[in-house]
Amino acid sequence: MDGKIRVTVWNEFIHERENERVAEVYPEGIHNAIAGYLKNLERLDVRTATLNQPDHGLGDQTLNTTDVLIWWGHIAHDKVDDRIVDKIYKRVILDGMGLIVLHSAHFSKIFKRLMGTTCNLKWREIGEKERLWIVNRGHPITDGLGEYVEIEHAEMYGEPFDIPPPDELIFISWFKGGEVFRSGCCFYRGAGKIFYFRPGHETYPIYHDRSILKIIGNAVYWASPVRGVKARFGRTEPLEDL
Ligand code: ZN
């Protein structure tokens, strides 16, 4: 895609305002930690939106000019208005808006709707070590990384992860406690591209980690829409004289 890629980083933005420990890690909110990194990348036009804004900060004006939406939520998935979820769904499927779903947003309404499964998983929070192995070396989301990425302290997510088989699997995590998890999954739905990326918990500084931010940045370029004509459905006239 030529020109700027317009990115909106969405965060429910509750933990950071209500929990001192989280506020110490993300004083400006998780959305601003991610947006602050993305703003320094080429061709990106970055803004943020949060749950408490009118229309969750995703009114038509914003949503219709968003090429890639990044989504972080945890304790307020049910507070997201179904009307907005419908609009995001249509933007992805029909217009090809990219969607990057982070960590606990596996349970967000929009991700569950796009997957059609429960998106449930195993979890444990004891701050154990995680190693994210790259299992798709030619994929643009892995650009500039080594063989793996290590996170010293992470919340564990373990299989089974109740999602449809990903169209492309990019990362598999190993956890010190013994579990594994499909941590980087690409899906194509309609005209849109979706990337689920596991790392990131509100009490760990994972969204300050340069490798993790690099992956999110790479995913923005990958998920950005291709230019094309809008889909036409229904009865149609033949292109040749019949
Ligand atoms: Zn978490």
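Okay, let's start with a loop: Arg43 is found between α3 (30–38) and β2 (44–50), where helices (H or I, at least four residues) and strands (E, at least two) are DSSP runs numbered from the N terminus. Before going on: this is a predicted model, where local features need pLDDT of at least 70, side-chain atom pairs count only at pLDDT 80 or more, and totals for chains, interfaces and linings use all residues. Residues are numbered from 1 along each chain as its sequence is written, and side-chain values use heavy atoms, with hydrogens and water left out.

Back to Arg43. Its phi is near 70°, a positive value in a residue other than glycine. Arg43 is partly exposed, with a relative accessible area of 38%; buried means under 20%, exposed over 50%, and partly exposed in between, using a 1.4 Å probe and protein chains only. Phe13 has a positive phi too, about 55°, and is not a glycine either. You'll find Phe13 in the loop between β1 (5–11) and α1 (15–18).

Pro160 sits in the loop between β6 and β7 (168–175). For context, most residues other than glycine have a negative phi, and most peptide bonds are trans.

Now, the metal. Which residues coordinate the zinc ion? They're His103 through NE2, Glu155 through OE and His201 through ND1, at 1.9 to 2.1 Å. Donors here are N, O and S atoms within 2.8 Å of the metal (3.2 Å for Na, K and Ca), and water is not among the atoms, so sites may look incomplete. In sequence, the spacing of the donor residues reads H-x51-E-x45-H. His103 lies in the loop between β4 (98–102) and α6 (109–115), and Glu155 in strand β6 (residues 148–158), so this pair ties together parts 52 residues apart in sequence. Are these two buried or exposed? His103 is buried, with a relative accessible area of 1%, and Glu155 is buried at 6%.

Zooming out, the protein chain has 7 helices and 9 strands. Buried residues make up 53% of its 242 residues. And of the contacts (heavy atoms within 4.5 Å) with a separation of 6 or more, 72% are between residues 24 or more positions apart.

Last, the overall dimensions: the C-alpha atoms fill a box of roughly 70 × 40 × 35 Å along the principal axes. That's the tour!
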